[in-house]
Amino acid sequence: MTEYWTHATASPRAIIKQAAAIEQAGWDGLCVVDSQNLSGDPYVALAMAATSTERIGLGTGVTNSVTRVAAATAASIASVDRLSRGRAVLGIGRGDSALAHIGLAPARLAQFEAYLRHLQTYLAGEAVPFSELGFPDDIAPPIDALKLADAPDASRIGWIAGGRKVPLEVAASGPKVIKMAAIHADRIMFTIGADVERLTWGIDLAKEARRG
């Protein structure tokens, strides 16, 4: 099924009218950028858009794997999904302006792939082992240091379990990320232009990676 999506600014107030107009114009969905130095918070904006629409999809276009831990990203988009009654999509890439404005280049491939795995686990309501999260000790010591009687044994978002799983869509241009997306994501956003030959190449590459 073909869908047509567009973009709106991540302005928590302006997007209320923008989203309603986009829906009335016949679009299938809207995305907002996640770029903390240039716009408002995308999840607040999408939540506000959900209150003024009934039909269109609502997504990030796109978030990244660096500025938020995976658990926070999953909880944010799942909250939008609950509010919109199942219309959210989580779009993610390796980072562009959001990282540039904190002095960083796009995320390294290994970090990005691990983040995708963690996102899918959280969004499915399942647990990510603490050992996989990889937080440096100089940020905070492990929970074992507290010696709590009732400490969690892994990282999970309990309230997500049993609900709709938000689809994960990866923005991909190069062959490595296309293959990664085919393995770990629910959808691929091919950022390789509208050239038929390029799109055919990307789709074939994704299918091959998916088949394993």
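A pocket, for this tour, is an open set of grid points where a 1.4 Å probe fits, with protein on both sides within 12 Å along at least five of seven lines; its volume is the space filled by probe spheres set on those points. Keep in mind that you're looking at a predicted model.

**Stop one: the second largest pocket.** Select Val62, Gly93, Arg94, Gly95 and Asp96, the lining residues that lie nearest the centre of this pocket. The space here comes to about 320 Å³, and 20 residues line it. Now colour the lining by class: you'll find ten polar, seven nonpolar and three charged residues.

**Stop two: the largest pocket.** Next, pick Val69, Phe130, Glu132, Leu133 and Phe135, which lie nearest its centre. This pocket holds about 640 Å³ of space and has 23 lining residues. Among these, 16 are nonpolar, four polar and three charged. Show helices H3 (70-83), H5 (109-123) and H6 (130-133) too, as each gives at least two residues to the lining. H5 gives the most, with five.

**Stop three: H2 beside H3.** To see the contact, select Tyr43, Leu46, Ala47, Ala50 and Thr51 on H2, then Thr73, Ser76, Ile77, Val80 and Leu83 on H3. Seven residues of this contact are nonpolar, three are polar and none is charged.

Methods:
Residues are numbered from 1 along each chain as its sequence is written. This is a predicted model: local features need pLDDT of at least 70, side-chain atom pairs count only at pLDDT 80 or more; totals for chains, interfaces and linings use all residues. Side-chain values use heavy atoms; hydrogens and water are left out. On a 1 Å grid over the protein atoms alone, a cavity is a set of points where a 1.4 Å probe fits but cannot get out, and a pocket is an open set with protein on both sides within 12 Å along at least five of seven lines; lining residues have an atom within 4 Å of a point. Helices (H or I, at least four residues) and strands (E, at least two) are DSSP runs, numbered from the N terminus. Ala, Val, Leu, Ile, Met, Phe, Trp, Tyr, Cys and Pro count as nonpolar, Asp, Glu, Lys and Arg as charged, and the others, Gly among them, as polar. Contact means heavy atoms within 4.5 Å.
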